Amino acid sequence: MKILVQQQDMSLGGIEKSLSNFLNVMSKDNEIDLFLFKKTGPLVQSIPENVNVLEGNKLLQKRMPTAGGTAGASTKISFKYKLKKFLN
């Protein structure tokens, strides 16, 4: 199965750690593309080698909200909901 996952970055947080665990489990049997608006954060190193990482261009990076902003929280909640729905 092909899976595309979108995340702002791989900063140290609960969603990012859950995403790292998800990638480690799901990448064993699936083809996964991870789209990061910015390929930054300490958890970038935990992305499995067989996950194809795509990074947003400079324009997208400037338009993304900063960590801790309400739009960023909305993105994380949306991802969490989609992940929960996918796993159930």
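Reader: What should I know about the model and its numbering before reading anything else?

Author: This is a predicted model, in which local features need pLDDT of at least 70, side-chain atom pairs count only at pLDDT 80 or more, and totals for chains, interfaces and linings use all residues. Residues are numbered from 1 along each chain as its sequence is written, and side-chain values use heavy atoms, with hydrogens and water left out.

Reader: Where is confidence lowest, and where is it highest?

Author: pLDDT is the predictor's confidence in each residue, from 0 to 100. The protein has a mean of 80, and 65% of its residues reach 70 or more. Helix α3 (residues 70–87) has the lowest confidence, at a mean of 53, while α1 has the highest, at 95. Over residues 68–72 pLDDT stays under 50, and the model has three contacts beyond four places in sequence for them. Contact here means heavy atoms within 4.5 Å.

Reader: In what order do the elements of the protein run?

Author: Elements are DSSP runs numbered from the N terminus: helices are H or I, at least four residues, and strands are E, at least two. The protein has three helices and three strands, and from the N terminus on they run β-α-β-β-α-α. Of the contacts between residues at least 6 apart in sequence, 59% join residues at least 24 apart.

Reader: How do I read the sheet?

Author: Strands of a sheet pair through backbone hydrogen bonds, either parallel or antiparallel. Two strands count as paired if DSSP finds at least two bridges between them. Here the three strands form an open sheet in the order β1-β2-β3, with parallel pairing. β1 (2–7) and β3 (52–55) are at the edges with a single partner strand each, so one side of each has no neighbour in the sheet. On average, neighbouring strands are turned by 20° against each other, direction ignored.

Reader: How many bridges join β1 to β2?

Author: Six bridges join them, and Q7 stands opposite L36 in β2. Strand β2 (residues 31–36) pairs with β3 over four bridges, where E55 is the bridge partner of L36.

Reader: Which residues of β1 lie on its covered face?

Author: In a regular strand the side chains alternate between the two faces of the sheet. In β1 the covered face has I3, V5 and Q7, and the uncovered one has K2, L4 and Q6. Helix α1 (residues 14–26) lies across β1 and β2 and runs at about 165° to β1. Such angles run from 0 to 180 degrees between N-to-C directions, with axes fitted to C-alpha atoms, for helices over the stretch in contact.

Reader: Which residues have the most contacts inside the largest nonpolar core?

Author: A nonpolar core is a set of buried Ala, Val, Leu, Ile, Met, Phe, Trp, Tyr and Cys residues joined through side-chain atoms within 4.5 Å. The largest has 14 residues, and M10, L19, L23, L34 and I47 have the most contacts inside it. β1, α1 and β2 each supply at least two of its residues, with α1 giving the most, at four.

Reader: Is I47 buried or exposed?

Author: Buried means under 20% relative accessible area, exposed over 50%, and partly exposed in between (1.4 Å probe, protein chains only). I47 has 12% relative accessibility and therefore counts as buried. Its place is in the loop between β2 and β3. Leaving aside neighbours within four places in sequence, I47 is in contact with M10, L23, L34, L36 and V53. I47 and S20 are 27 residues apart in sequence and 6.2 Å apart in space, C-alpha to C-alpha.
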